[in-house]
Amino acid sequence: MLAGDEKLVERCLQGDDAAWESIVTSYTRRLYNLSYRYTNRRDEAEDLTQEIFIKIYQNLKSFRSEAGSFQSWILKVGRNLIIDHYRQSRRYQQVGGSEELETMNVKDDKALNPHRAVEQLDAARFLMEGLQAIAPELKEAVILRDLEGMAYLEMADLLGIPEGTVKSRINRGRLELSKLLTRRRAQMRVQI
Amino acid sequence: MECFKIEERFSEYLDRSLPSEAMAQVAEHLHECSACSALLEEMRSVMVACKAYPALEPDVALIEKILLRTSGRPRTRSFRELFQQYFLHPILTPRFAVGAALVVLFLIFSRNLLLPHFTSFEALLSPKEWVRQMDRGVQQIYSEGLKAYDTKNEWQARITFFKNNVFNKLGFFMEQLDVPVEGKQKPQEQKAPQREPKGTSERSSSLQTPVAQGLKSVLLKGVQS
């Protein structure tokens, strides 16, 4: 948890706009990346990020620090909204947005070399396309664990499932993704 | 052990979170089964790719939109952001760079052409020295102007002298042409002076051709001008 988040929430509840701005500034990037990894579309990720913050702003009073950190609470709200969005739009498994990756601001010092940046973007596109093709719960587990870097316990809390199930889903997700990417690489070699 | 049971332990094997006995079993199976070994390598590369997945930067306007849709208050920006938005971004353009380079060149040329050189850095900073140097610069410009004016007058005088000299010589030459040559006049021309007015008889006798008359009139006009 970030230091002072609870105080910021208190100040927000007292009507301090600067505190709210501080929260938004701190978590926009995280929630935007999370949304993008689920949707794989820039416009949807932006819309979702806005919706998540609106939801947080409206439900700030319901946050209880005893129940967990503010960051976990925010991620939970965000994840629920993303899942709702998936159920409504049914575009969860659509492959797209990989071309958008090229036009986005990628913040990575290693990517300063143009060749390396192109390679990195190609690898990211390949990975994203594979992720879109596996089962949603496995995809979610891989995203949270390998892309977001969350701990097993944190994931268990967020997803509301036992830690063993989390580990199992992560392993199955990685396996499916690995097999899928291996098959696709073989197909690409044949085409070449 | 069967392959699918080994596969279930791949993540924990890669995380090294399995008990030592189970780690040894998996390692032994991987040594024997090339398919599982290849799959594990693929999984490892997937994990590496995930870790290297670039973090995306959201659009700068996104925070602004969120704030307007929630608190309704626009974003307060730090001095650094304002500095970047209104100063750094506009000047970090090729157009500005070209303009700045031209201005610098202009200033350098202006200084070298119009102003005398400062002898020391202290003199450069002193207002009194600046005024003195500016005064010297103005005087220098004035003296250069006077010199140019004198040069122009000198050249004008030379040209006038040359022109007058040439026309005088031509006039003298024409006068020499007008002198009648004895013994070459034709018999019928000897009677003509009696009918013509005085003063023109001698000259007209030697300029009978149209070409000579035209040349003479041009030269006379030049002399008169």
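# A predicted model of chains A and B

With 8 C-beta neighbours inside 10 Å, Arg16(B) counts as exposed, because a residue is exposed if 12 or fewer other C-beta atoms lie within 10 Å of its own, buried if 20 or more do, and partly exposed in between, with C-beta atoms placed from the backbone. Arg16(B) sits in the loop between helix H2 (10-15) and helix H3 (20-32) of chain B. Its phi is near 60°, a positive value in a residue other than glycine.

This is a predicted model, in which local features need pLDDT of at least 70 and side-chain atom pairs count only at pLDDT 80 or more, while totals for chains, interfaces and linings use all residues. Residues are numbered from 1 along each chain as its sequence is written, and chains are lettered from A and ligands numbered from 1 in the order in which they are written.

Asn40(A) is not a glycine, yet has a positive phi of about 65°. Asn40(A) is in the loop between H2 and H3 of chain A. With 24 C-beta neighbours inside 10 Å, Asn40(A) counts as buried.

Now to chain A as a whole. Its secondary structure consists of nine helices and one strand; here helices (H or I, at least four residues) and strands (E, at least two) are DSSP runs, numbered from the N terminus. The order from the N terminus is α-α-α-α-α-β-α-α-α-α. Of the 192 residues of chain A, 36% count as buried. The largest nonpolar core has 55 residues, and Ile23(A) and Val24(A) touch the most other members. Such a core is a set of buried Ala, Val, Leu, Ile, Met, Phe, Trp, Tyr and Cys residues joined through C-beta atoms within 7 Å. H2(A) gives the most to this core, with ten residues. In soluble globular proteins, nonpolar side chains tend to be buried together. Apart from its neighbours within four places in sequence, Ile23(A) is in contact with Leu8(A) and Cys12(A); two residues are in contact if their C-beta atoms, placed from the backbone, lie within 7 Å.

Next come two helix pairs. The axes of H3(A) (residues 42-58) and H4(A) (residues 70-89) come within 9 Å and cross at roughly 125°. Axes are lines fitted to C-alpha atoms, for helices over the stretch in contact, and angles run from 0 to 180 degrees between N-to-C directions. H3(A) and H4(A) are therefore oblique to each other, since angles under 35 degrees count as roughly parallel, over 145 as roughly antiparallel, 65 to 115 as roughly perpendicular and the rest as oblique. Residues of H3(A) in this contact include Leu48(A) and Ile52(A), and those of H4(A) include Ile74(A) and Leu81(A).

H4(A) also meets H8(A) (residues 152-159): their axes come within 9 Å and cross at roughly 50°. That makes H4(A) oblique to H8(A). Ser72(A), Leu75(A), Lys76(A) and Arg79(A) of H4(A) make the contact with Glu154(A), Asp157(A) and Leu158(A) of H8(A).

Finally, the two chains touch: 38 residues of chain A are in contact with 31 residues of chain B. On the side of chain A that touches chain B, H2(A) gives the most, with eleven residues. By class, that side has 19 nonpolar, ten polar and nine charged residues. Ala, Val, Leu, Ile, Met, Phe, Trp, Tyr, Cys and Pro count as nonpolar, Asp, Glu, Lys and Arg as charged, and the others, Gly among them, as polar.
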